[in-house]
Amino acid sequence: MRLTVFGATGGTGRLLVRQALDAGHQVTAVVRDPARLAVTHPELTVVTAPDLTDERALRPAVAGRDAVLSAVGAPTNKRAGIASAAARGIVRAMAAGDVRRLVAISAAPVGEIPQGEALLGRAVMWPLVRAAFRKVYADLAVMERVVAASDTDWTLVRPPRLLDRPLTGTYRTALGTGVRDGHSLSRADLAHAMLALLDDPRAVRQYVGVAY
């Protein structure tokens, strides 16, 4: 496939780029600073876009592509606002280029607590995490609304706490809900799941929980 990856220099974005290339896809990586992407490959094109809200500037990065993956997000409350602002630019650029498939990262705490979640998770872990990253999750909730209101064939992936650990390829997914008692996932496995969801028709216009 011909893929465009936004947020390509982030922890998950870099892995998305590498795994997509390893799988034989052609990849366009959209970055603010090309020096931060330490990946080279004959099938990789790097596009510099300092402002992801500039729809016109993003159009060349998505035109003619089969799908778009977004790993854009803020790691702290102080930087919250990035995900929703970028989503507006991305979906408008996709509409202009008639590109429909979009897989984007959100977060498990944006959704409802899964049915059957253990008491520790329901009463302690979920409330604490939501409070600690309140602004980040509020921004991701807006991002989700922007994406869900678009004409794209979207999938919003909701992982829990992300870890810098190797790819296992062994994780659980849940359509329309979070993964019960799933409290962590490696960034490598998140990237793997996003690529797998690209051509899964069940995941179109769905929220998908992914966790161990």
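How far apart are the end C-alpha atoms of helix α5 (residues 134-148), and why that span? I looked this up first. The ends lie 21 Å apart, which agrees with the 21 Å that its 15 residues should span at 1.5 Å a residue. The expected span is 1.5 Å times one less than the number of residues.

**Ground rules.** I am working on a predicted model, where local features need pLDDT of at least 70 and side-chain atom pairs count only at pLDDT 80 or more, while totals for chains, interfaces and linings use all residues. Residues are numbered from 1 along each chain as its sequence is written, and side-chain values use heavy atoms, with hydrogens and water left out. Helices (H or I, at least four residues) and strands (E, at least two) are DSSP runs, numbered from the N terminus.

**The sheet.** I traced an open sheet of eight strands, in the order β3-β2-β1-β4-β5-β6-β10-β8, with mixed pairing. Strands pair if DSSP finds at least two bridges between them. At the edges I found β3 (44-48) and β8 (172-175), each pairing on one side only. I then checked β4 (residues 67-70): four bridges join it to β5, and the two run parallel. Ala67 has Arg101 of β5 as its bridge partner.

**Helices on the sheet.** α5 packs on the sheet and touches β5, β6 and β10. Its direction makes about 160° with that of β6. α2 lies across β1 (2-6), β2 (26-31), β3 and β4, at about 145° to β1. Axes are lines fitted to C-alpha atoms, for helices over the stretch in contact; angles run from 0 to 180 degrees between N-to-C directions.

**Back to α5.** I listed its buried residues (under 20% relative accessible area, 1.4 Å probe, protein chains only). Among them are Val136, Tyr137, Leu140, Met143 and Val147. Their cover includes α3 (82-96), α4 (119-132) and β6 (153-158).

**The cores.** A nonpolar core is a set of buried Ala, Val, Leu, Ile, Met, Phe, Trp, Tyr and Cys residues joined through side-chain atoms within 4.5 Å. The largest has 31 residues; Phe6, Leu52, Val68, Leu140 and Val147 touch the most other members. α3 gives the largest share, eight residues. A second, separate core of 30 residues includes Leu3, Leu44, Ile105 and Val208.

Not counting residues up to four places away in sequence, it touches Ala87, Val91, Leu102, Thr152, Trp154 and Leu156. Contact means heavy atoms within 4.5 Å.

Key
Buried < 20%, exposed > 50% of the residue type's maximum accessible area, 1.4 Å probe, protein only.
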